Amino acid sequence: MLVERSTHLPCPAERCHEEVLTIRLLRYVTSPLLRFEPVDPPVLPERWADGAHRVSMRVFGVIPFGRQVIDISRRDSSREAGHFRAELRDNGRGTLIAMWDHRITIEAEGTGCRYTDRVEVRAGLLTPLVWLFAWFFYRHRQKRWRALVGHGFDYAAAGWRG
């Protein structure tokens, strides 16, 4: 099943792309719904690197939600005729979710950018529930993105206590 959500962010696409590569952004946009704790490697890098990162997940920071492989690959950003486009993919999988194929696309749009989350999920009999969670989760993430951009990428002003 597929969930796709898109929003306009009033910031340069390049700035959005730089931020999406940070672990800090993941922690901010997923808070307080999910918390990721590194398993292998034992510490997540400050910036995403291509490859597999094993994490355990906790709903609301306390309820165990299984382990997940965040498998990052990046498509080189491009700038053609002044138009910026970048893509980040997490071809994830885990103990409860067989496939969590998440693609983030960032494209220049007017004076800002178009940020899109697209995720395909498969979790056996749990797929409809996981899809419903993903629908809500990406709505939450994009709301957090808009708040962060609205505060000039000042995490503290945007309510981040992490």
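**Exercise 1. Locate Phe-153 and determine whether it is buried or exposed.**

Solution. Phe-153 lies in the segment after helix 3, where helices (H or I, at least four residues) and strands (E, at least two) are DSSP runs numbered from the N terminus. This is a predicted model, in which local features need pLDDT of at least 70, side-chain atom pairs count only at pLDDT 80 or more, and totals for chains, interfaces and linings use all residues. Residues are numbered from 1 along each chain as its sequence is written, and side-chain values use heavy atoms, with hydrogens and water left out.

Next, the relative accessibility of Phe-153 is 12%, so the residue counts as buried (buried is under 20% relative accessible area, exposed over 50%, partly exposed in between; 1.4 Å probe, protein chains only). Finally, Phe-153 has a positive phi of about 65° although it is not a glycine. Most residues other than glycine have a negative phi.

**Exercise 2. Describe the backbone and exposure of Phe-60.**

Solution. Phe-60 is found in the loop between strand 3 and strand 4 (63–80). Its phi is near 55°, a positive value in a residue other than glycine. With 53% relative accessibility, Phe-60 counts as exposed.

**Exercise 3. Characterise the surroundings of Leu-88.**

Solution. Leu-88 is part of strand 5 (residues 83–94). Its relative accessibility is 7%, and therefore it counts as buried. Leaving aside neighbours within four places in sequence, Leu-88 is in contact (heavy atoms within 4.5 Å) with residues including Val-20, Ile-72 and Ile-104. The C-alpha atoms of Leu-88 and Val-20 are separated by 8.4 Å, although the two residues are 68 apart along the chain.

**Exercise 4. Identify the largest nonpolar core and its main contributor.**

Solution. A nonpolar core is a set of buried Ala, Val, Leu, Ile, Met, Phe, Trp, Tyr and Cys residues joined through side-chain atoms within 4.5 Å. The largest one has 45 residues, and those with the most contacts inside it include Val-20, Trp-100 and Ile-106. Helix 3 (residues 127–150) supplies the largest share of this core, 7 residues.
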